[in-house]
Amino acid sequence: MSKNIYVLLVLIALFSCTSKEDNQKRIVIGFSQSISEEDSWRKSMDNTMLVEASLHPEIDLTISNANGSTKKQINDIEKMIENHLDVLIVAPYGSDSIVPVIEKASKKGIPVIIVDRKVNTSNYTAFLGADNVEVGHIAGKYIVSMSNARANILEIKATTDISPSVERSLGFKQIIDRYPNIKKIGISAPNLEALNNNLSKVLDSMPKIDFVFAFNDNIALQAWEVAKKKGREKNIKFIGIDGLNDPNGGIQAVKDGKLTATILYPTGGSEAIKLAIKLANKEIVSKNNILNTTLIDSLNADIMSNQFDKISVQQSDIELQQNKIKEQEKKYSTQRNLLLVIIFFSLLIFSLAVFSIYSGMKLRSKKKELEKTNIKIVNQKDEIELYANKLKISNEAKINFFTGLSHEFKTPLTLILSSIESLHDEFQNKNNTVKKDLDLMYNNSKRLLRLINQLLDFRKGENQNFIIKVTKINLWNFSKKIIKEFEREALRRNIKFDFSSNNKSLEVYLDQNLIDKVYYNLLSNSFKFTPDNGKIEVSIIEEKELGIVKIHFKDSGIGIPEKDLANVFIPFFKGSNNYKNGSGVGLNLSKNFMDLHKGSIEVNSNKGTHFTLTLKLGRDHFNREEIIENSNEQNFENDYEYNYLDKTLNEVNSPLFDENKQTILIIEDNVEVLDFISSKLSENYNVFKCDGRDSIERVLATIPDVVVCDLNLPEKNGFEICEILKANFLTSHIPTIILTASDDHETNIKALEVGADLFLTKPFNLQVLKQAIKGLLFNREKLRYFYTNAKTPVQTEIKGFDLIEREFLNKIDQFIDKNIDDSTFSVEDLAALLNISRVQLYRKVKAVLGIGVGDYINNYRLEKSKEMLKSTTLNISEIAYSCGFASPNYFSTAFKSKYSVSPKDFRNV
C-alpha cells in the first residue's frame with residue numbers, strides 16, 4: 001500500500017513539473033546556407049532568420065554553412081533529412097548539383113523552401129526571393145533616365161552562371177537593347193585580382209565610360225576603388241545591388257557618394273521562417289513568393305537608412321524583451337517546481353508518518369508470527385537431525401554390508417582362481433581352445449578381484465583407515481618388477497614400452513603395497529587408452545638439489561580434454577572422451593596414496609597423457625611409527641598382476657573363409673569378449689571382427705548376414721551404427737543384435753527406435769545368442785524363399801521387407817525393364833546405374849533374395865516373356881529378342897529349363 005502511495009506522489013510531481021513549452025508542439029527547421037558568413041548579405045540573411053525564429057518559442061532552427069562547397073552542402077542536407085526535419089530551407093550554391101538531394105527530401109515528405117537562387121527542378125514546395133529580371137530592369141531604366149538614352153556602360157557580372165547573375169544581366173539587356181545610342185560592354189569578376197586587372201585594362205582602353213553596373217554592391221565598390229586609382233571615379237557613376245544598411249553596405253556607399261545608386265535586394269530571412277511555419281502547420285502557400293525591391297539613390301538613401309535603423313532598434317528591443325521574458329519564465333518555473341517539491345515532500349512525510357504507524361502495528365503482528373514459526377523450525381530441525389542420524393546409521397549399515405560382502409567375494413574368487421590354475425596344469429598338453437577359455441576365466445577372475453580390492457581401498461580411504469608402513473627399497477628394482485607384468489601386453493599389441501632411470505641404485509622410503517597400486521592404475525590406464533602400435537614410457541628422474549624423485553608415465557593415447565584435467569582425481573569421474581568402462585576410483589586412490597607419502601601426483605595432456613609422481617628423498621617427512629627397519633623388499637602383496645596365466649599361449653588360428661557358411665560381423669571394443677564370441681561362432685559361420693573403429697566401412701566392405709554390435713564403442717555407439725545401417729539401402733536388410741550392460745527401459749526403447757532386431761543384456765547366455773542368430777537368419781531365409789518363388793518377381797509390396805528393401809528391388813526392376821530388349825545389359829551395367837560396385841550389388845541381392853544378380857535378371861526376362869506369350873500375338877522369335885535373349889534357340893532352352901515346357905507348348909495350353 002505504501003509503495004503505491006509513493007509511486008502515485010512521484011508521478012503527480014513529475015507531471016506537475018512539466019512546463020508548457022514541453023507540451024507545445026516543436027517545429028524543427030533546418031537551413032542550409034551556401035556561402036560563408038563573411039559575405040555580409042548572407043550574414044544579414046542568417047541574422048534575420050534567427051531574429052524571426054526567436055519570436056516563435058516553438059521553433060528549433062539549425063543553420064549549416066557550406067562555405068562555398070557544393071559537396072559540403074549536399075552532406076549537410078543529407079544529415080538534416082536523417083534527423084527528420086519538419087521544414088528544410090535551402091540557399092543553393094549551384095543550380096544542378098544539389099537537385100538529387102532536394103528531390104530526396106521531397107520524396108521523404110519534407111517541405112523544401114528554395115531561397116534566393118533557383119535550381120533546375122520543380123520538386124520543391126516553395127521558392128522565396130526577389131525578381132532578378134526586374135532588378136535588371138530597374139537598373140537599366142535608371143541609367144536610361146540619367147543619361148537621356150546616350151551613354152557608354154560597363155557591366156560587371158558574377159563569377160558563375162548562377163540564376164541571379166543570369167537573370168539580372170538578362171533584365172538589364174532587355175532595357176538597354178531598346179536604345180541604340182547606349183553602348184554596353186561586359187566583363188566578369190571571378191576574384192578580386194581578376195577584377196582589378198580586367199577593369200584597369202578597360203579603363204585604359206576606353207577613355208569614356210559613363211556608368212558601371214555591377215552584380216552587387218561589393219563589386220561596385222571595388223570597381224570604384226580601381227577607378228579612383230586611375231583618377232576617374234568622379235566621371236563614372238557606379239550602380240550596385242543589395243542595399244544593405246551597415247557601415248560597409250550599399251546605402252552607406254550612396255550616402256558617401258561612392259555609389260550613384262544601389263538596388264535593394266532583400267535577404268528574405270524573416271519571410272523564409274514565416275513561410276516555414278505555415279508549411280509546418282499544413283497551410284497552403286504559393287509556389288513562387290517574390291520579394292519587393294526598389295532603387296536607392298541620394299534622394300532616398302537617408303530615409304531608407306533611418307527606416308532600417310529603426311527596424312534594427314525595434315528588433316534589438318524585441319530580443320531584449322524576449323530575454324527578459326525567458327528569465328521571468330525560468331524564475332517562475334523554478335519557483336513553481338520548488339513549490340511542487342515542497343508539496344511533494346510534505347505529502348511524502350505525511351505518508352511516511354502514516355506508514356510508520358501502520359508498520360509498527362504490522363511489525364508487532366509479524367513478531368508474534370515469527371515466534372510461532374521459530375518454534376516450528378526448532379522442532380523441525382530436531383526432527384531432521386534425528387532423521388539424519390537414522391539415515392547415517394542406515395547408510396553405514398549398507399556400506400558395511402557391501403564392504404563385508406566384498407570381503408566375502410574374495411574367498412570364492414580365491415577358490416575359483418586356484419581351481420582354474422589346477423585345471424590349466426591338467427590341460428597343459430591338451431586342447432589349446434580349452435586352455436584359452438581357462439586363461440580367459442583366470443584373467444577376468446583376477447580383474448574382478450582387483451575391482452573388489454579397489455572398492456575396499458576406497459572404503460578405507462573414506463574412513464581414513466589406511467596405515468602407511470614405509471621401508472627403504474631400490475626404486476629401480478621395485479618398478480621393474482611391476483613393469484615386467486605389462487611387457488607381454490605391450491608385445492601382443494606392438495606397443496613400444498620403454499623404462500629408464502638416471503640412477504638405478506636410488507633408494508627411497510615408500511609403502512610397497514600402496515605405491516604398487518598407484519603404478520598399476522597408471523599403467524593399466526595407459527594400456528587401456530593407448531592404441532596398438534603406440535608408445536608408453538616410464539622414466540625415473542632423481543633431482544638431488546631439490547631432494548625429490550619424479551616418476552613419469554607418458555603415453556601416446558587419446559589424452560584427456562583440457563576441461564577435464566581438474567576433475568580426474570575426483571571419485572567416479574569419467575572423462576568426456578572416455579568410452580571405456582571403469583570403476584572411476586583408481587586415480588582418486590592413487591592421489592590419496594601419494595598424499596600419505598607426503599608426495600604428489602600431477603597430470604597434463606598434450607598428444608597423449610603424462611602423469612608425474614613426486615616422492616621426497618630420505619625419511620624425515622615420515623613419523624617414526626610409519627617406518628619399518630630391515631624389511632625384505634621382495635615380500636609384498638601384489639594383487640594387481642596383469643599377465644595371463646599361461647605366458648606361452650598362442651592364439652587360435654581363425655578358420656578359412658567358407659563360401660557355404662553365412663557371415664557374421666562382431667563389433668566389440670573389448671578384445672577378450674571379441675575373441676570369445678568369435679571363437680564360439682566360427683564353427684558355424686564365417687566371422688569378421690571389428691574393434692569399433694571404422695565400423696560402418698567394415699560393414700560395407702563385408703556385407704555380412706548378421707551384425708552383432710556392442711553399445712559402448714570408441715567412435716560411434718551401437719545405436720548410431722544401427723541407425724546408419726538401417727538407413728543405407730546396401731545394409732538395411734542386415735539383422736542387427738545389440739549387446740549392452742544396460743537393461744533399463746529407456747535403452748530398450750532406444751534400441752527399437754533405431755531398428756535393432758534384437759537387444760541382449762550382459763552377461764548374456766551364449767546359447768541364447770547362437771539361437772537368436774539362427775532365428776534371424778531363418779526368418780530372412782523364409783523371406784528370400786517367398787520372394788524367389790513368387791509368381792511375379794517384379795512385385796515390391798512384399799510383407800517382411802522394409803521400405804528401403806522394397807524401394808531397392810523396385811529400382812532394380814525399373815532398370816531391368818527399361819533395358820529388357822538389350823541382350824548386352826549386364827550386372828556391371830545395373831551396378832553402374834545404381835551407383836554401387838558390382839561386388840556390393842551381388843552381396844546385397846544375394847543377402848536379400850538368395851540368388852545371384854545374373855540369375856535375377858534372367859528370371860525377370862523369362863517372366864516378362866511368359867507374360868508376352870499370354871498377352872501378345874508376337875511370334876516366339878520376336879518375344880525372345882524383345883526380352884533381351886541373344887537368340888530364339890537360347891530363349892527356348894532357358895524357358896524350358898525353368899518352366900519344364902517349351903514356349904510354343906506354353907502358348908498353346
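Helix α16 passes helix α17 in a left-handed crossing (left-handed if the near helix is turned anticlockwise from the far one by less than a right angle, right-handed if clockwise). Helices here (H or I, at least four residues) and strands (E, at least two) are DSSP runs, numbered from the N terminus. All of this comes from a predicted model, in which local features need pLDDT of at least 70 and side-chain atom pairs count only at pLDDT 80 or more, while totals for chains, interfaces and linings use all residues. Residues are numbered from 1 along each chain as its sequence is written, and side-chain values use heavy atoms, with hydrogens and water left out.

Back to that helix pair. The axes of α16 and α17 (residues 586-596) come within 9 Å and cross at roughly 145 degrees; axes are lines fitted to C-alpha atoms, for helices over the stretch in contact, and angles run from 0 to 180 degrees between N-to-C directions. On the α16 side, the contact (heavy atoms within 4.5 Å) is made by Leu-514, Ile-515, Lys-517, Val-518, Asn-521, Leu-522 and Asn-525. Facing them from α17 are Gly-586, Leu-587, Ser-590, Phe-593, Met-594 and Leu-596. By type, the residues of this contact divide into eight nonpolar, four polar and one charged; Ala, Val, Leu, Ile, Met, Phe, Trp, Tyr, Cys and Pro count as nonpolar, Asp, Glu, Lys and Arg as charged, and the others, Gly among them, as polar.

Helix α16 (residues 512-529) also meets helix α14 (residues 475-484), with axes that come within 10 Å and cross at roughly 50 degrees. That makes α14 oblique to α16 (angles under 35 degrees count as roughly parallel, over 145 as roughly antiparallel, 65 to 115 as roughly perpendicular and the rest as oblique). The crossing of α14 and α16 is right-handed. Leu-475, Phe-478, Ser-479, Ile-482 and Ile-483 of α14 make the contact with Gln-512, Ile-515, Asp-516, Tyr-519 and Leu-523 of α16. Seven of these residues are nonpolar, two polar and one charged. Ile-515 turns up here and in the contact with α17 as well.

Past the end of α16, Thr-530 sits in the loop between α16 and β16 (535-543). At 2% relative accessibility, Thr-530 counts as buried (buried means under 20% relative accessible area, exposed over 50%, partly exposed in between, with a 1.4 Å probe and protein chains only). A polar atom of the Thr-530 side chain lies 2.6 Å from the backbone oxygen of Ser-526. Leaving aside residues up to four places away in sequence, Thr-530 touches Arg-493, Ile-495, Lys-535, Ile-536, Asp-555, Ser-556 and Gly-557.

Another threonine, Thr-612, is found in strand β19 (residues 609-616). Thr-612 is buried too, with a relative accessible area of 7%. The Thr-612 side chain makes a polar contact with the side chain of His-552, at 3.4 Å (a pair of N or O atoms within 3.5 Å; within protein, one must be able to donate a hydrogen and the other to accept it, and residues adjacent in sequence count only if both atoms are side-chain atoms). Beyond four places in sequence, Thr-612 touches Lys-550, Ile-551, His-552, Ser-600, Ile-601 and Glu-602.

Lys-598, in the loop between α17 and β18 (600-605), has a phi near 60 degrees, a positive value in a residue other than glycine. At 39% relative accessibility, Lys-598 counts as partly exposed. Asp-242, also not a glycine, has a positive phi of about 145 degrees. Asp-242 lies in strand β9 (residues 237-242) and, at 10% relative accessibility, counts as buried.

Asn-858, Asn-859, Leu-862, Glu-863, Ser-865, Lys-866 and Leu-869 of α26 make the contact with Tyr-890, Phe-891, Ala-894, Phe-895, Lys-898 and Tyr-899 of α28.

As for the chain as a whole, the protein has 29 helices and 24 strands. Of its 909 residues, 44% count as buried. Among contacts with a separation of 6 or more, residues 24 or more positions apart account for 69%.
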